[in-house]
Structure formats: C-alpha cells, structure tokens
Amino acid sequence: LEAEEHLARARADAANLLGAARSHAVDLIASARARSEKLAIRSNEHASRMLQDAELRLAVLEDQRHVIEEFAFELRSLSATDRTVVVDAPVERLGLLAAVEAEVASQGAAQDQDGAAQRTALLGRGADHEAAELAIES
C-alpha cells in the first residue's frame, strides 16, 4: 500500500513535471516565434530603408549623369563652333583680300599707294574682328 501511494505520488509528480515542461516548451516556442517575427519585421524595415536610400542615390546619380551629358554636349558644340571659326577664318580673310584688291584695281594705278594702305588697314580690322570673335567665344 505504501508502495502504491509512493507510485501514485511519483506519477502525479511526473505528470506535473511533464505539464510544467510542456508549458515551458510552449512558452519558449511562442517567445522564439515572437522574436523571429520582430526580427523579420525589423529586417524588412531595414531592407526597405536601404532600398529607398539606393533609389534616391540612383535618382541623384541619374540627374548628375544628365547634367554631365548636357555639359559634354555643350562642350562638343562649342568645340565644333571653334573649329568652324578656325576653318572659316582663312576664307573670310581671302574674301576680304579679294574685296580690297577689287577696290584697289577700280581706283587705278595712280592711287596704288593709297590702296596698299587701305588693304593693310582693312586686313588689320579683319584681324581685330577675328580676335574679338575668338575672345568672345572664349
């Protein structure tokens, strides 16, 4: 009888212990789930912030790329204009020289010395005009 009572108490203690262990295990699992959910939420929030930062940086870089491309286009445009001026400069001088020579020829041989002076003056003005144009473009 005493053995049976002892066995009954041992079984009751074991059942209580088993119930407490199960309850503790359930609590641990619930706590782990709650922590993992919080961690997942924080991880998603962090990833979202990082993605927003990356998108913002991408937008800024795209704007900067656009500005740089526009600047490069302007430089190419200015460079092409400078080449045109440099290429056209001798043509303009030749045209100016032809106009001076035609004017000198029409005035006759008597005014040849005056024509040379006029040619030099006109060429000087043409050079001054060309220098002024290049200075403006610079």
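This is a predicted model: local features need pLDDT of at least 70, side-chain atom pairs count only at pLDDT 80 or more; totals for chains, interfaces and linings use all residues.
User: How many helices and strands does the protein chain have?

Analyst: Helices (H or I, at least four residues) and strands (E, at least two) are DSSP runs, numbered from the N terminus. Here the protein chain has two helices and zero strands. Helix α1 covers residues 2-107.

User: What share of the residues is buried?

Analyst: Buried means under 20% relative accessible area, exposed means over 50%, and partly exposed sits in between (1.4 Å probe, protein chains only). Of the 138 residues in the protein chain, 4% are buried. The chain exposes about 11,600 Å² (Shrake-Rupley method, 1.4 Å probe; for residues, only the protein chains shown count as cover), and carbon and sulfur atoms supply 61% of that area.

User: Which residues are linked in a network of salt bridges?

Analyst: In general, side chains of opposite charge can pair when their charged atoms come close. The cut-off for a salt bridge is a side-chain nitrogen of Lys or Arg within 4 Å of a carboxyl oxygen of Asp or Glu. The structure has two of them, and E62, R65 and E69 are linked in a network. R65 meets E62 at 2.8 Å, N to O, and E69 at 2.6 Å.

User: Why are R65 and E62 separated by about one helical turn?

Analyst: Because they're three residues apart in helix α1. E69 and R65 are four residues apart there, so about one helical turn separates them too. As for accessibility, R65 is partly exposed at 41%, E62 at 38% and E69 at 43%.

User: Which residues make the nonpolar surface patch?

Analyst: Patches take residues with over 30% relative accessible area and no salt bridge, joining like charges within 9 Å and nonpolar side chains (Val, Leu, Ile, Met, Phe, Trp, Tyr) within 5 Å. Here F71, L75 and L78 make one of about 300 Å². L78 lies in helix α1 and is partly exposed, with 48% relative accessibility.

Conventions. Residues are numbered from 1 along each chain as its sequence is written. Side-chain values use heavy atoms; hydrogens and water are left out.
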